[in-house]
Amino acid sequence: MVLQRGPRGASVWGHSPKHGDKIDLYLDDQHSGSMTVNSHGIWQGVVHNPGGNHGYILTASSSLGNITLKDVWFGDVWLCSGQSNMHFLVGDLANATEEISDTSRHQDIRLFKAKEHLSTTPLTEFTRTNLRERWLLPKAATVKYFSAVCWLFGKYLSSHVSYPIGLIESDWGGTPIEAWSSPDALQKCTSTQQHLSPCLTSCVGSDHTLSTGEAILFNGVQTQVGIDNLSTFTSTGSCGICRKLVKRNDKAIQCDECDLWIHTRCTSVDNTTYTKLQNTNDQWFCQNCVAPCGICSGNIHNCDPAIECDRCKTWIHNSCAIVSNDEYKNIQATNCTWICPLCDETNLSTSYSSTSSGIEINNIFDTLRNNKETHTCSRHMYTSKITMVSININGLRGKKLELQAYLQTENPDIVALQETKINNSIATNELIPDTLGYDIYRNDRTGNGGGTMLLVKTHLDSAPVKILENGSESIWSKIVLQGKQHYIGSWYRPPDAPLDQIQLLKDQMDKIKKLGKANKQPCIHILGDFNYRKINWRTKLNKDTNTCLNGSDGQALIDILNEASAEQLILFPTRESNTLDLLITTLPGQFTDIHSPDRLSDHDIVMGTLRCTLPRKIRPERTSYQYSKGNYNQMRDDSRDFTRDKYFNGHQNNRNVEENWIMIKEFILGTTKINVPTKILKGKQSIPWINKNIKTMIKRKNRTHANYKRNNSMRIKRKWQELRRNINKEIELAHNNYVNNLIGDIKQDSKPFWKYINNQKADKQGIPPLKTHDNKTADTDQQKS
């Protein structure tokens, strides 16, 4: 903090329950004065500037104990107050990026921002009123949300003086001057009633005192620097997310970058992670200011030049991604692509750190790595999350292009589809191309409607679980994460299903429990449409009558989840006012970012992120010889020289057949490598007609849908519906143009056309699960071999 350097010194005061007790003040162990606690439990003294140009340690000592304030400077303290003009933020400036990046040059400034708070009486302190904030260093995350006028004024002063500057922001947009005045001050004014604004007139009584009202504000700023009660410490400041007071007995963590305290209940930090953070050197990353770089061991601040890969959803420093400043500008301004060094994918990014309003990461706080570990730029990196999505598609054939665009843009790891309404006459590749990189499992309904499908990214090494097929409309797969088997299911329960159908889910969960180790909780994740309209998932009661449910209304499902120690995480409506689409898991503490990003039918998409650790696989490279460009004249000359000088040199009869074959083979491979050019091939995991414009439109649509879910505004809903229609038209047009271009060039080069046709019809069949000699099931490729 900064105390006023002169001329009268800085007033310091505090509370103590012990009347008459002696209080001693010290600056860097130098005694600065003594005072006594009065009958009201208040003590007050003056601290003078010693003249040094460094931060001091201010200590108040009494018989009850000591309180110490560190990094206390002496300089000029300025109060910046006003309405919306003063509230205008640095982050909203036209040159916000330049101003935010310049904060490191002004570390002699300290910032204090008073929280907005209503009061009917003048305030003398912050601690007892929910206004408690703290002094902050000027960093990117703190300056961004500070008053632009106040910051620019302080920066100008700092460059012209040789002592620290303290800036206090206390503003509230649209407030009249009367709202900042005490009742006593208003009473002294003449014709008070005539000059009061209409919103305040009704609040002024006959005795000219103000009653509590929405337009009444005493944004109380301390005129003195207070040291709180010597016997108890009540607060560390307000939470950076919920903005409520962080008390001493609250579980909270502090960001080292932006100095904000965060309640653990406002984050994804559970009790286990909280204990781990206390006892180890693990790090977590604050959404307000930093994100981890996917390659180096450093952090990406929201003003650092960085780029996010659209494929693996990882932020990377420009220097780590080997992207120059000119390339960085070209990527933002044009359709230029870049290759991510983690997943080796060519992509069109739309997220840039130095030009965006902030760094966005799905999990707000995540234990990522240990400080003692050393990290290299290895391509075998680790991901810290798996994104799961549930979509009631309501007819896959009619929405295949829209689904393909969503999968390429958002790139979820696991997708559960319900009501696919397809049969086995339709090839999977006709609906979802293998270029998207999914292993696909299907359970088609034999009659009309229904059907489920499960998509799992190929790098997760998934396998089907045939033992769980029991006649229900579900499909299951399993993956291995951190040595544990995770079972993922896509479920659909029709609205008119009989009561006993949900018992098939209980049968499946019992089988999974038997497959695992005894006394161990299985890892189960179920996504699907269960069509229970009457469940209030917050209270587990009937949402219409607020009474207990019966079996057909969903009590049977709740009983199954309780018995399996599972939890349902979706608490918001997914179709009209009903929560039909569910996410059920036995690991609720590891899920974060539960929300609905968009919808592809009359059901909202349901999304959740599972925190985990697994090695990221790199697809193998393949060398292709371009024989049409080979130097065959040189190869003929080399062949003549080989046969004359090496092979038929009089010793061919002394070599056996194997030795002669090895000699011939090595010659052929050697001359081919020298005289035939090659290129490195990798399977492209992308759809060629999904361009950067479509990706940008989809992300805009997702933001609009999120805004509609928050505000429930019909105007925003109509805007989202219009965006969805336009995107569907754009996707269909881009797809048709792509196919027409293939047909138009078929005479010159027919290979791309037939490759497209074959990909639409071919399905990867693979080897089904096999039985071992001890009647166990071999699911993985290694077990099958």
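Which helices each supply at least two residues of the positive patch? In this predicted model, the contributors are α17 (692-711) and α18 (714-744). Helix α18 provides the largest share, 3 residues. R700 is found in helix α17, and its relative accessibility of 43% places R700 in the partly exposed class.

A search of the whole structure returns 6 aromatic pairs. In one of them, the ring centres of W78 and F153 are 5.1 Å apart and the ring planes stand at 80 degrees, so the arrangement is edge-to-face. Because W78 belongs to strand β7 (residues 65-82) and F153 to helix α4 (residues 148-158), this pair ties together parts that are 75 residues apart in sequence. Both partners are partly exposed: W78 has a relative accessible area of 36%, and F153 has one of 32%. For Y625 and Y627, the ring centres are 5.8 Å apart and the planes lie at 35 degrees; the pair is therefore tilted. Y625 is partly exposed at 31% relative accessible area, and Y627 is likewise partly exposed, at 48%.

Side chains of opposite charge can pair when their charged atoms come close. The structure contains 18 salt bridges. One of these joins K506 and E563, with 3.7 Å between the closest N and O atoms. K506 is located in helix α13 (residues 503-515) and E563 in helix α14 (residues 555-563), so the contact ties together parts 57 residues apart in sequence. K506 is partly exposed, with a relative accessible area of 24%, whereas E563 is exposed, at 53%.

A salt bridge is also formed by K543 and D544, whose closest N and O atoms are 3.6 Å apart. Here K543 is partly exposed, with a relative accessible area of 32%, while D544 is exposed, with a value of 56%.

The side chains of D602 and R575 meet in a further salt bridge, at an N to O distance of 2.9 Å. This pair links distant parts of the chain, 27 residues apart: D602 sits in the loop between β33 (591-595) and β34 (606-615), and R575 in the loop between β31 (567-568) and β32 (581-585). D602 counts as partly exposed, at 30% relative accessibility.

Definitions and conventions:
Residues numbered from 1 in each chain as written. Predicted model: local features only at pLDDT ≥ 70, side-chain atom pairs only at ≥ 80, totals over all residues. Heavy atoms only, no water. Helix = DSSP H or I, 4+ residues; strand = E, 2+ residues; numbered from the N terminus. Buried < 20%, exposed > 50% of the residue type's maximum accessible area, 1.4 Å probe, protein only. Phe/Tyr/Trp six-rings, centres within 6.5 Å; stacked < 30°, edge-to-face > 60°. Salt bridge = Lys/Arg side-chain N within 4 Å of Asp/Glu carboxyl O.
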